[in-house]
Amino acid sequence: MCCDLKRRFLLLYATQKGQAKAIAEEIWQQAGAHGLEADMHCISEMDKYNLETEKDPVVIVISTTGTGDPPDTARKFVKKIQDATLPPDHFAHLQYGLLGLGDSEYMFFCNGGKTVDRRLQELGAQHFYDTGLADDCVGLELVVDPWIDGLWLALKEAFLLQKEKEGMNSVVDAVSSSLSAAPHIVHELHLSSEVQNLKLEDEGARRSDVLSQKLVDINRVASTRGTEPSLTHSVPPVSQSALNIPALPAEYIEVQFQDTHGENPHLSSLISEGTTFAVPVTKAVQLTREDAIKTALLLELDISDTIFDYQPGDAFCVMCPNNVNEVEELLQILGLSEKGECFVCVKVKQGTKKKGASHPQHIPERSTLKFILTWCLEIRAIPKKAFLRALVECTSDAGEKRRLQELCSRQGASDYTRFIRDSNVCLLDLLNAFPSCKPSLNLLIEHLPKLQARSYSVSSSNLYQPGKLCFVFNVVEFPACPARPVSRKGVCTGWLAELVAPLLHHSKNTLDTKGGSSSTEKISIFARPNNTFHLPADPSVPFMMVGPGTGISPFIGFLQHRQKLREEHTDWEFGETWLFFGCRHQDRDYLFKQLRCFLENGTLTHLKVCFSRDSATAEVTQPKYVQDVIRLYAKDVARVLLKERGYFYICGDKKHMADGVSDAVVDILSVEMETDKLEAMKILVMLREAKRYLQDVWS
């Protein structure tokens with residue numbers, strides 16, 4: 001508990017990948033400078049706080065998973081507050097402010113925060129501060145920074161309200177005096193993904209002197225190397241500005257090298273989400289031609305010796321390592337090449353000033369250094385500003401130090417977005433660009449997030465192919481750019497492509513995965529079931545599938561499953577099925593030409609395809625994208641969705657496809673129902689809520 005109860009507020013965070021926790025820690029750090037004490041806990045630690053009896057203000061920072069669910073750490077909390085037996089005044093005593101994190105590239109933007117916010121309101125809780133919704137698509141800091149700035153005045157007013165209720169003048173006067181130097185902050189902002197409405201440059205309306213930041217000496221003459229800014233070079237006004245930079249994060253990890261030998265932990269010990277299975281890759285097929293823009297691969301896994309189970313439409317996760325060459329390069333830059341195979345012991349530093357410092361769960365207590373850098377840390381992660389701030393202290397060259405300060409400052413926010421965030425710059429890129437920066441190993445463990453398993457949609461049916469699991473993916477390519485002079489492949493897709501290279505063959509019979517080379521290579525996987533993206537429970541219900549490119553992956557499983565059901569249950573009634581598929585070129589990346597087999601045997605009723613790059617050379621104008629094809633069948637779409645209460649599935653890229661498909665469906669509903677667009681949008685929302693308009697999309 002805190003030393004001064006009435007200057008205390010409860011600070012809860014719910015994180016999936018560490019961002020919400022990092023923001024909560026920033027709030028905790030700043031609180032002390034404002035004369036307040038943040039009692040900070042992970043929202044899962046429900047034995048350490050009690051909202052039912054909480055009298056002080058509560059601040060919640062919560063992220064959202066890609067599927068729109070609250071993070072895993074918030075599941076028990078959400079389940080508890082969603083208890084239908086709770087009365088509407090259950091939290092009538094509670095004052096809270098909530099900051100939601102999300103990505104507008106996904107359909108359910110900030111849904112984790114919105115879910116908790118809505119339920120707390122239903123149970124009588126009151127906002128003492130407006131909800132903030134930060135968008136990782138454009139930069140979380142565009143909402144997070146002003147939201148934190150406004151928090152202190154809102155807390156002051158919450159304590160003043162407490163004074164009126166409880167008559168505790170002396171306590172609140174102390175709080176008021178500690179905040180009296182703060183300029184007025186307009187905190188009744190509608191903070192949402194509409195970040196363009198936030199006039200972040202207006203320093204008169206926000207704190208420019210946050211006490212957790214320090215003023216940096218700017219008596220450095222701007223470089224004459226050119227007028228264009230870059231990762232390593234700034235231009236006015238940034239190069240001539242006084243900088244507000246974050247407070248230096250407290251170090252809390254201690255790393256000790258040991259002379260002992262032994263074995264590294266099993267990969268399964270790194271996963272808390274469920275049981276892992278090491279399964280062999282039995283087949284690898286390249287689905288695209290060599291001259292296709294993207295390389296698509298189909299892999300078949302043998303799960304017959306496991307209890308792994310799935311339904312068509314489910315996803316699963318692959319545990320992948322960092323690129324071995326990048327790990328070696330990082331060791332070399334750190335001067336630890338000869339220490340890679342040495343065992344290290346990772347402990348919490350004694351006397352650390354970091355609140356609630358604990359041993360990172362994703363770091364084994366004992367393993368080799370190379371194991372940690374290969375399997376535990378996301379060395380490709382885009383460095384957060386707090387990491388840049390810590391790197392400043394490890395940099396000896398004055399010019400490099402200044403540039404790192406600029407990149408983590410408020411004044412350099414646009415440079416950070418342009419040269420680090422949007423350029424996918426990672427730690428290795430920074431260390432190459434700023435050669436005098438020599439961070440310690442403990443700093444990497446403190447600031448690099450957990451290496452996440454990668455999720456893929458299942459592209460098969462256990463009913464159709466017992467003991468087999470197939471999935472399809474594009475090998476992700478990151479081309480070189482000025483801020484990152486080397487090209488790279490995706491962490492997982494690049495590793496998988498290299499792993500299966502000896503197995504790889506070009507096949508014209510990609511749906512029949514019998515035969516093929518056997519393999520001794522194994523990958524570790526674990527289940528990630530999808531609770532909604534499944535075939536209709538009633539086989540007589542019609543459904544439409546939209547899956548351009550690798551978005552077709554789950555629908556192959558759908559069709560295989562449907563074919564087997566038709567063979568086994570000849571007396572059942574089956575609804576019509578539609579598939580809309582698109583790619584660039586018919587002869588280069590038409591991933592599954594054997595879809596016509598499903599059409600010929602009656603499993604698939606309608607197959608509609610389009611080729612975006614071929615259409616430009618066609619003599620007769622052809623529809624370019626799947627959303628264009630869908631518009632051609634407007635009456636059928638309306639009939640299936642409205643009259644026959646069918647299902648509509650979309651899988652693939654959100655920004656460039658799924659949003660366009662949704663727009664097309666809204667237009668179709670508007671025309672066919674002879675209603676305005678707003679009413680059509682409401683109908684689409686109702687279809688989503690009824691789980692009849694379903695999306696499995698990615699950015």
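Axes are lines fitted to C-alpha atoms, for helices over the stretch in contact, and angles run from 0 to 180 degrees between N-to-C directions. Helices (H or I, at least four residues) and strands (E, at least two) are DSSP runs, numbered from the N terminus.

The model is predicted: local features need pLDDT of at least 70 and side-chain atom pairs count only at pLDDT 80 or more, while totals for chains, interfaces and linings use all residues. Residues are numbered from 1 along each chain as its sequence is written, and side-chain values use heavy atoms, with hydrogens and water left out.

**View 1. Five strands form an open parallel sheet.** The order is β23-β22-β21-β24-β25. Strands β23 (606–611) and β25 (693–698) are the edges, each pairing on one side only. Neighbouring strands are turned by 10° against each other on average, direction ignored. Two strands pair if DSSP finds at least two bridges between them.

**View 2. Strands β21 and β24 run parallel.** Four bridges join β21 (residues 543–546) to β24 (residues 647–653). Met545 stands opposite Tyr649 in β24.

**View 3. The second largest pocket holds about 620 Å³ of space.** On a 1 Å grid over the protein atoms alone, a pocket is an open set of points with protein on both sides within 12 Å along at least five of seven lines, and a cavity is a set where a 1.4 Å probe fits but cannot get out; lining residues have an atom within 4 Å of a point. Grid points are joined across faces, edges and corners, and a volume is the space filled by probe spheres set on the points. This pocket has 32 lining residues. Nearest its centre lie Asn323, Asn325, Glu326, Arg380 and Arg488. Helix α13 gives the largest share of the lining, six residues. The lining divides into 14 nonpolar, ten polar and eight charged residues. Ala, Val, Leu, Ile, Met, Phe, Trp, Tyr, Cys and Pro count as nonpolar, Asp, Glu, Lys and Arg as charged, and the others, Gly among them, as polar.

**View 4. The largest cavity has a volume of about 120 Å³.** Its lining has 13 residues, and Ile271, Met319, Trp375, Lys450 and Leu451 are the closest to its centre. By class, nine are nonpolar, two polar and two charged.
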